[in-house]
Amino acid sequence: MKLKLLQEHLRQEKISLAVFLHPDPTITYLTQEKFSYAVLGITPKKAVLLVTKLDQKPHLPGIAVKNLKRDWKKEFSRIRRIGINKEQCMVASQERLKKYFPKASSSENLGLPISFSRAAPGSAP
């Protein structure tokens, strides 16, 4: 399962939280679902998908699915180092993440292998 590999990568790189914000294709890749808007937060120990009320909550093994609320960042406490997919995260989103997690060190590019960030051509999204 790709989620477990990602969590192991986070452990090895000492990244407290990986954040994927809509429209990052990593959300679709790891969940095999498309959402109107979603935030996927992954720590070395847990994964949480936050979706709007417009979307049905899917049952995803290994990923807790919750409604997206304004204070979604409270879901993740004691964050020291944040990883993002810089190829997909807009500058404005990166700046918001710095405001949301002021005690965390600057966002780190996850440097994910291509298999983590997008499905191979011809495979399911």
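Let me start with the largest nonpolar core, which has 19 residues. A nonpolar core here is a set of buried Ala, Val, Leu, Ile, Met, Phe, Trp, Tyr and Cys residues joined through side-chain atoms within 4.5 Å. Buried means under 20% relative accessible area, exposed means over 50%, and partly exposed is in between, with a 1.4 Å probe and protein chains only. The members that touch the most other members are Phe-20, Ile-27, Leu-40, Ile-42, Leu-49 and Ile-63. At least two residues of this core come from each of helix H1 (2-13), strand E1 (17-21), helix H2 (25-31), strand E2 (38-42) and strand E3 (47-51). Helices (H or I, at least four residues) and strands (E, at least two) are DSSP runs, numbered from the N terminus.

Before I go on, two notes on the source. This is a predicted model, in which local features need pLDDT of at least 70 and side-chain atom pairs count only at pLDDT 80 or more, while totals for chains, interfaces and linings use all residues. Residues are numbered from 1 along each chain as its sequence is written, and side-chain values use heavy atoms, with hydrogens and water left out.

What is Ile-27 in contact with, leaving aside its neighbours within four places in sequence? The list is Phe-20, Leu-21, His-22, Gln-32, Phe-35, Ala-38, Leu-40 and Leu-49. Contact means heavy atoms within 4.5 Å. Another core, of 15 residues, lies apart from the largest one, and includes Val-19, Ile-79, Ile-82 and Phe-101. As background, nonpolar side chains in soluble globular proteins tend to be buried together.

Next, strand E3. Five of the five residues of E3 are buried, so the strand is largely enclosed by the rest of the structure. Both of its faces are covered, with Ala-47, Leu-49 and Val-51 on one side and Val-48 and Leu-50 on the other. Take Val-51, which is found in E3 and counts as buried at 0% relative accessibility. Neighbours within four places aside, Val-51 is in contact with Phe-35, Tyr-37, Ala-38, Lys-57, Val-65, Lys-66, Asn-67 and Leu-68.

Which way do the partners of E3 run? Two strands pair if DSSP finds at least two bridges between them. E2 and E3 run antiparallel and are joined by five bridges; they form a hairpin with four residues between them. Ile-42 has Ala-47 in E3 as its bridge partner. With E4, by contrast, E3 pairs in the parallel sense, over four bridges. There, Val-48 stands opposite Ala-64 in E4.

Now the aromatic rings. The structure holds two aromatic pairs. Rings of Phe, Tyr and Trp (its six-membered ring) pair if their centres lie within 6.5 Å; planes under 30 degrees apart count as stacked, over 60 as edge-to-face and the rest as tilted. Trp-72 lies in the loop between strand E4 (64-67) and strand E5 (81-84), and Tyr-100 lies in helix H3 (residues 91-100), so the pair ties together parts that are 28 residues apart in sequence. Trp-72 is buried, at 10% relative accessible area, while Tyr-100 is partly exposed at 30%.

The other pair is Trp-72 with Phe-101, with centres 6.3 Å apart and planes at 70°, so it is edge-to-face. Phe-101 is buried, at 8% relative accessibility.

Ser-93, Gln-94 and Leu-97 of H3 are buried. They cover an arc of only 100° around the axis (taken from the directions from the helix axis to the C-beta atoms), which puts them on the same side of H3. Which exposed residues does the face turned away from the buried side carry? They are Val-91, Lys-98 and Lys-99. E1 and E5 are among what covers the buried residues of H3.

To finish, the whole chain. The secondary structure comes to four helices and six strands, and buried residues make up 44% of the 125 residues.
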